Amino acid sequence: MELDPSLILYQDHHMLAVNKPAGVVIHPTYKHADDTLWNMILAYLERRGPEEWQPPALPDEPGWERAPEPVRLMLRERRAARLLRQEGPLPKPVLLHRLDKDTSGVVLLARTENARRYLGRQFNEHRVLKRYLAVAFAGAPSWTRPLQPLRVSRLSGAELGQGLGPGTLDLAGTEEWPSSQVLAISGEELEPLPLPVGSLWLLDGPIQRDPQDRRRCVVGPEGLPARTLVQVLAHQGPFLLLEARPITGRIHQIRAHLASLGYALVGDQTYAPPPLLGTPQAALGRQFLHAFSLTVRRYPDETPVTFVAPLSEDLRLWLEMYFSDALSLLASQG
């Protein structure tokens with residue numbers, strides 16, 4: 001498999017952003033040794049050839065003038081070696097986060113050690129704004145019920161901003177946001193919580209492996225803390241167009257949180273019930289989940305940058321066929 005150059009969203013000396021296709025595993029595993037996005041990126045960079053980079057020529061630091069020339073030479077060589085380790089290209093780029101196999105969208109990699117540390121700190125401190133588009137419907141399987149209550153807060157105000165612009169949301173401060181409604185979802189409710197268009201929700205519940213099947217995840221007491229912001233953008237028939245912003249980065253987080261709330265993603269092979277033949281749910285072979293934008297502060301100038309991945313063709317065609325209101329909304333937002 002080769003990486004289509006059109007999937008490269010951004011590339012410089014320090015960073016690389018890629019639009020991951022659905023159906024591609026992001027990193028090698030025992031089941032997928034070489035047919036992964038990681039291998040495709042390595043092959044792409046190898047075809048481009050090695051990057052020629054040398055530490056810049058810098059003046060001697062204050063105090064070096066008092067040292068003998070051999071000592072000054074040693075100090076310059078040590079500084080150059082340090083700069084090469086920190087600012088020179090890494091042998092291989094570093095994946096900063098991951099997407100599920102059947103999720104498409106933006107993936108970010110670091111290409112230098114200093115960029116890896118700087119960008120990695122933003123991910124660890126939940127200062128990266130990750131925005132996903134999803135289509136959901138009510139009716140998750142019974143096994144997805146939370147093993148402990150899922151805390152659901154309806155946020156008052158416009159904390160998520162308007163429309164689909166980049167936004168300036170401080171994801172680390174969600175505990176202080178005003179809420180007009182706070183619920184504890186136990187999974188015993190007769191109907192899923194209604195999600196009206198325009199409403200904003202914070203889903204808060206630890207995510208762990210399902211004790212019955214470790215290939216899937218549930219909200220439970222042994223899980224790691226997880227929080228997801230959800231905004232309802234459109235509604236047509238049984239379907240909801242959602243913008244989801246994971247604050248934390250747990251495995252299957254968006255899918256597991258929505259399923260605990262009683263909602264499944266169209267096409268999801270794990271967290272949705274088996275679709276009936278001939279239904280819209282059966283017309284999509286993978287979950288409708290697309291990481292359409294990611295905002296970070298770029299290294300080294302610390303400028304906020306947003307990388308946007310166009311909606312993949314399979315998702316666009318499904319919207320055209322079954323959810324035209326959502327397609328019109330997305331088109332109006334550019």
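Which exposed residues does the face of α2 turned away from its buried side carry? That face carries Pro 70, Arg 78 and Arg 85, where exposed stands for over 50% relative accessible area, buried for under 20% and partly exposed for what lies in between, with a 1.4 Å probe and protein chains only.

## Basis of the model

This is a predicted model, in which local features need pLDDT of at least 70 and side-chain atom pairs count only at pLDDT 80 or more, while totals for chains, interfaces and linings use all residues. Residues are numbered from 1 along each chain as its sequence is written, and side-chain values use heavy atoms, with hydrogens and water left out.

Helices (H or I, at least four residues) and strands (E, at least two) are DSSP runs, numbered from the N terminus.

## Helix α2

Helix α2, residues 69-87, has 19 residues that should span 27 Å at 1.5 Å a residue, and the 26 Å between its end C-alpha atoms agrees with this; the expected span of a helix is 1.5 Å times one less than its number of residues. Arg 72, Arg 79, Leu 83 and Glu 87 are buried in α2. They cover an arc of only 40° around the axis, which puts them on the same side of α2, the arc being that of the directions from the helix axis to the C-beta atoms.

The buried residues of α2 pack against β3, β4 and α3 (113-124), contact meaning heavy atoms within 4.5 Å.

## Helix α1

Helix α1, residues 37-48, has twelve residues and reaches 17 Å from its first C-alpha to its last, close to the expected 16 Å. Its buried residues are Leu 37, Trp 38, Met 40, Ile 41, Tyr 44 and Leu 45. Seen down the axis of α1, these residues fall within an arc of 165°, so they line one face of the helix.

The cover over the buried residues of α1 includes β1 (8-11), β2 (15-20), β3 (89-95) and β4 (104-112). Just after α1, Gly 49 takes a positive phi of about 90°.

## The largest pocket

On a 1 Å grid over the protein atoms alone, a pocket is an open set of points with protein on both sides within 12 Å along at least five of seven lines, a cavity is a set of points where a 1.4 Å probe fits but cannot get out, and lining residues have an atom within 4 Å of a point. About 1300 Å³ of space lies in the largest pocket, a volume being the space filled by probe spheres set on grid points that are joined across faces, edges and corners. Of the 38 residues that line the largest pocket, Leu 99, Asp 100, Lys 101, Ile 251 and His 252 are the closest to its centre.

Two or more residues of this lining come from each of α3, β5, β10 (213-219) and α4 (253-261), with the largest share, three residues, from α4.

## The largest cavity

There is one cavity of 30 Å³ or more, and the largest cavity has a volume of about 40 Å³. Its lining consists of His 97, Leu 99, Val 106, Lys 130, Arg 131, Tyr 132, Ala 291, Ser 293 and Leu 294, and β5 (129-138) and β14 (289-297) each supply at least two residues of it.

## Arg 151

Arg 151 has its place in strand β6, residues 150-155, and is partly exposed, with a relative accessible area of 42%. Not counting residues up to four places away in sequence, Arg 151 touches Val 182, Leu 183, Leu 202, Leu 203 and Asp 204.
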